Amino acid sequence: MWAQEIVTGRPAWRHTPSGVVFRAVPGGTFLMGLSDAELDAVRAIERSDGSDDDLGAFFAGAVQARPVREVRVEPFLIARHPLTVAQARHWLPEYEDSFAESDTSTARFEGDLDELLGALPFRLPSEAEWEYAARAGTTTLTFQGDGRPDEDQVLDDFADEERTAAAENSFGLAAMGSANEICADVWIPHFTNAPMDARPRTGDGRRVARGGGGDLSPWQGCDEWLLLLSATRDECQDFTAVRPVAPLPIG
């Protein structure tokens, strides 16, 4: 079921039935949430006229990604990028996506999400795993630093291996933040009393979504760059992308 190989110069695990490439994420601890330093970095962007509008609503909503806490994460496999249209059809042969420009574009799911999750032999990442993977050892707004992200950081099609490789973080993951990716956790608008490990928070209601900068492309000047930040989180309300997670293969 699994083949270990090198993909764009990095070790990878390929799920042979579907062709989906996974990267192994090492275990460790990290500070999860929107830190004071990150808030200061956003303020610096705003002061330098790097924002499109007043960011008062963003700062008021920062409590949704706080308090910052140290979280322990065990090693796991996560897909190199969100499932593409072609990959989705491995499990949903009749899948169609009018939003996608090609079979190598990110697949979005809405009414067919439950059907996909029922067919996948994988699970969704917890949002702690997602943020840990997105940060890839960094503590800045994105893995590329504290500067304002721009639309060049959005990646929605994975046909070009060279461009995909250039967009990877140090864990070998591409397009973290580009698509609105669903997580296993139920939406709770803060991290108060959240677990200190990477278990998802369970319950009834909508799930957490992470990312989404590419879902609004081309940008209209409404500070869409904020959706690329590693700590940005929201409720999953409409269509979503899926980046599956699996345990490390044994042996």
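**Figure 1. Pairing of strands E8 and E9 in the predicted model.** Strand E8, residues 207-210, is joined to E9 by three bridges in the antiparallel sense. Within this pair, Ala-209 is placed opposite Asp-234 of E9. The two strands belong to an open sheet of three strands, ordered E7-E8-E9 and paired antiparallel. Strand E7 (181-186) and strand E9 (233-235) form the edges; each has a single partner strand, so one side of each has no neighbour in the sheet. On average, and with direction ignored, neighbouring strands of this sheet are turned by 40° against each other.

**Figure 2. The loop between E8 and E9.** Two residues of this loop are shown, Pro-218 and Asp-223. The peptide bond that leads from Ser-217 into Pro-218 is cis, and its omega is near 0°. Asp-223 has a positive phi of about 60°, although it is not a glycine. Its relative accessibility is 6%, and Asp-223 therefore counts as buried.

**Figure 3. Strand E3 and its two partners.** E3 comprises residues 21-25 and is mostly covered, with four of its five residues buried. Two bridges in the antiparallel sense pair strand E2 (residues 10-15) with E3, and Trp-13 stands opposite Phe-22 of E3. Five residues lie between the strands in the hairpin of E2 and E3, where Gly-19 adopts a positive phi near 85°. Strand E6 (residues 76-79) is joined to E3 by four bridges and runs antiparallel to it. Here Phe-22 is opposite Ala-79 in E6.

**Figure 4. The largest pocket.** The volume of the largest pocket is about 730 Å³. Its lining consists of 30 residues, and those nearest the centre are Gly-211, Leu-227, Thr-232, Arg-233 and Asp-234. Helix H2 (56-60), E8 and E9 are the elements that contribute two or more residues to this lining. E9 provides the largest share, three residues. By class, the lining of the largest pocket has 13 nonpolar, seven polar and ten charged residues.

**Figure 5. The second largest pocket.** The second largest pocket holds about 230 Å³ of space. It is lined by 16 residues, among which Phe-143, Gln-144, Gln-153, Ala-167 and Ala-175 are the closest to its centre. Nine nonpolar, five polar and two charged residues make up the lining of the second largest pocket.

Figure 6. The model contains one cavity of 30 Å³ or more. The space in this largest cavity is about 40 Å³. Its lining includes Met-32, Arg-69, Ser-126, Glu-127, Ala-128 and Asp-185. Phe-191, Ala-194, Pro-195, Ala-198, Arg-199 and Arg-201 also line the largest cavity. Six of the lining residues are nonpolar, one is polar and five are charged.

Figure 7. Nine of the nine residues of H5 are buried. Among them are Glu-127 and Ala-128, which also belong to the lining of the largest cavity. Further buried residues of H5 include Glu-129, Trp-130, Glu-131, Tyr-132 and Arg-135. Just after H5, Ala-136 has a positive phi of about 50°. Arg-123 is located in the loop between helix H4 (113-119) and helix H5 (127-135). With 39% relative accessibility, Arg-123 counts as partly exposed. When residues up to four places away in sequence are not counted, Arg-123 touches Glu-129, Pro-244 and Val-245. A separation of 15 Å is found between the C-alpha atoms of Arg-123 and His-81, which are 42 residues apart along the chain.

Figure 8. In the loop between helix H1 (36-47) and H2 lies Asp-49. Asp-49 is not a glycine, yet has a positive phi of about 65°. Its relative accessibility is 69%, and Asp-49 therefore counts as exposed. Pro-67 is found in the loop between H2 and strand E5 (69-73). The peptide bond that joins Arg-66 and Pro-67 is cis, with omega about 5°.

Notes:
Residues numbered from 1 in each chain as written. Predicted model: local features only at pLDDT ≥ 70, side-chain atom pairs only at ≥ 80, totals over all residues. Heavy atoms only, no water. Pairing = 2+ DSSP bridges. Axes fitted to C-alpha atoms, helices over the stretch in contact; angles between N-to-C directions. Buried < 20%, exposed > 50% of the residue type's maximum accessible area, 1.4 Å probe, protein only. 1 Å grid on protein atoms, 1.4 Å probe; cavity = no way out; pocket = protein on both sides within 12 Å on 5 of 7 lines; lining within 4 Å. Points joined across faces, edges and corners; volume = space filled by probe spheres on them. Nonpolar A, V, L, I, M, F, W, Y, C, P; charged D, E, K, R; others polar. Contact = heavy atoms within 4.5 Å.
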